[in-house]
Structure formats: structure tokens, C-alpha cells
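Dear colleague,

Please find below the structure that I am handing over to you.

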Amino acid sequence: MKTNEELQKDVQNAIKWEPLLNAAEIGVTAEDGVVSLTGVVDSYSKKLEAENAAKNVAGVKAVVENIEIKLSSLME
């Protein structure tokens, strides 16, 4: 079984390889196979992409997704 640190690093690397995602937007923690994702993205597709990237990493038992979507306003 992977350590928490190994699992966290593997998920961070998986997110880094997703073209839609900016790895700096997504925080990753891991504990006993449960990965938590936090952060703010500007689209629902990015949120799903991060979640799917985490789920596809070997050793991940569950994903707790706390990613907020903040749509950029054209009026700002």
C-alpha cells in the first residue's frame, strides 16, 4: 500500500498532466487511500477533470471533492 505522501504526489502528478487543469489551482491531501481535493476553478469541466484524474490513480479508494467553481464575470 502506498504511503499518504506517495499517494498525494501521484494524484498531484496526474492533475499536472491534465491539459485543462492548472495544478496550482488544486490542493491535494491523502489519508489512508482517501484523497481530498480543494481549490477554485473557473469551470465545471475542470472540477470533473480533477476528480477523474484523482480517481484513476492506483491506490485511491475514495475522493472527497471540495473544489469551488467561480465563474469569471465579463462585467468585472
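I begin with a pair of facing residues in the sheet: Thr29 stands opposite Ser36, which belongs to strand E2. Helices (H or I, at least four residues) and strands (E, at least two) are DSSP runs numbered from the N terminus, and two strands are said to pair if DSSP finds at least two bridges between them.

Before going further, please note that this is a predicted model, in which local features need pLDDT of at least 70 and side-chain atom pairs count only at pLDDT 80 or more, while totals for chains, interfaces and linings use all residues. Residues are numbered from 1 along each chain as its sequence is written, and side-chain values use heavy atoms, with hydrogens and water left out.

The strands

Strands E1 and E2 pair in the antiparallel sense, over 6 bridges. Another facing pair in this arrangement is Glu31 with Val34 of E2. The two strands form a hairpin with 2 residues between them. Asp32 is placed in the loop between E1 and E2, and has a positive phi of about 55 degrees although it is not a glycine.

In a regular strand the side chains alternate between the two faces of the sheet.

Ser36 has Val64 of E3 as its bridge partner. Asn66 is likewise placed in strand E3. The C-alpha atoms of Asn66 and Leu37 are separated by 5.7 Å, although these residues are 29 residues apart along the chain. Leaving aside neighbours within four places in sequence, Asn66 is in contact (heavy atoms within 4.5 Å) with Leu37, Thr38 and Gly39.

The nonpolar core

A nonpolar core is a set of buried Ala, Val, Leu, Ile, Met, Phe, Trp, Tyr and Cys residues joined through side-chain atoms within 4.5 Å. The largest one has 18 residues, of which Val11, Ile15, Ile26, Val28, Val35, Leu37 and Val60 touch the most other members. Helix H1 (4-16), strand E1 (26-31), strand E2 (34-41), helix H2 (44-55) and strand E3 (62-69) each supply at least two residues of this core. The largest share, 4 residues, comes from H1. With neighbours within four places in sequence left aside, Val11 is in contact with Val28, Val35, Leu37, Ala54, Val57 and Val60.

Salt bridges

Side chains of opposite charge can pair when their charged atoms come close. A salt bridge is taken as a side-chain nitrogen of Lys or Arg within 4 Å of a carboxyl oxygen of Asp or Glu. A search of the whole structure finds 4 of them, and I describe several below.

Lys47 forms a salt bridge with Glu65, with the closest N and O atoms 3.6 Å apart. Lys47 lies in helix H2 and Glu65 in strand E3, so this pair ties together parts that are 18 residues apart in sequence. Lys47 is buried, at a relative accessible area of 17%, whereas Glu65 is partly exposed, at 22%.

Glu51 forms a salt bridge with Lys55, the closest N and O atoms being 3.3 Å apart. Because they are 4 residues apart in helix H2, Glu51 and Lys55 are separated by about one helical turn. Glu51 counts as buried at 17% relative accessibility, while Lys55 is partly exposed, with a relative accessible area of 47%. Not counting residues up to four places away in sequence, Glu51 touches Leu37, Val63 and Glu65.

Asp42 forms a salt bridge with Lys46, their closest N and O atoms lying 3.0 Å apart. Asp42 is partly exposed, with a relative accessible area of 36%, and Lys46 is buried, with a relative accessible area of 15%.

The surface

Tyr44, Leu48, Ile69 and Leu71 make a nonpolar surface patch of about 390 Å². Patches are made of residues with over 30% relative accessible area and no salt bridge; like charges are joined within 9 Å, and nonpolar side chains (Val, Leu, Ile, Met, Phe, Trp, Tyr) within 5 Å. Accessible areas come from the Shrake-Rupley method with a 1.4 Å probe, and for residues only the protein chains shown count as cover.

With kind regards

Note on methods: Buried means under 20% relative accessible area, exposed over 50%, partly exposed in between (1.4 Å probe, protein chains only).
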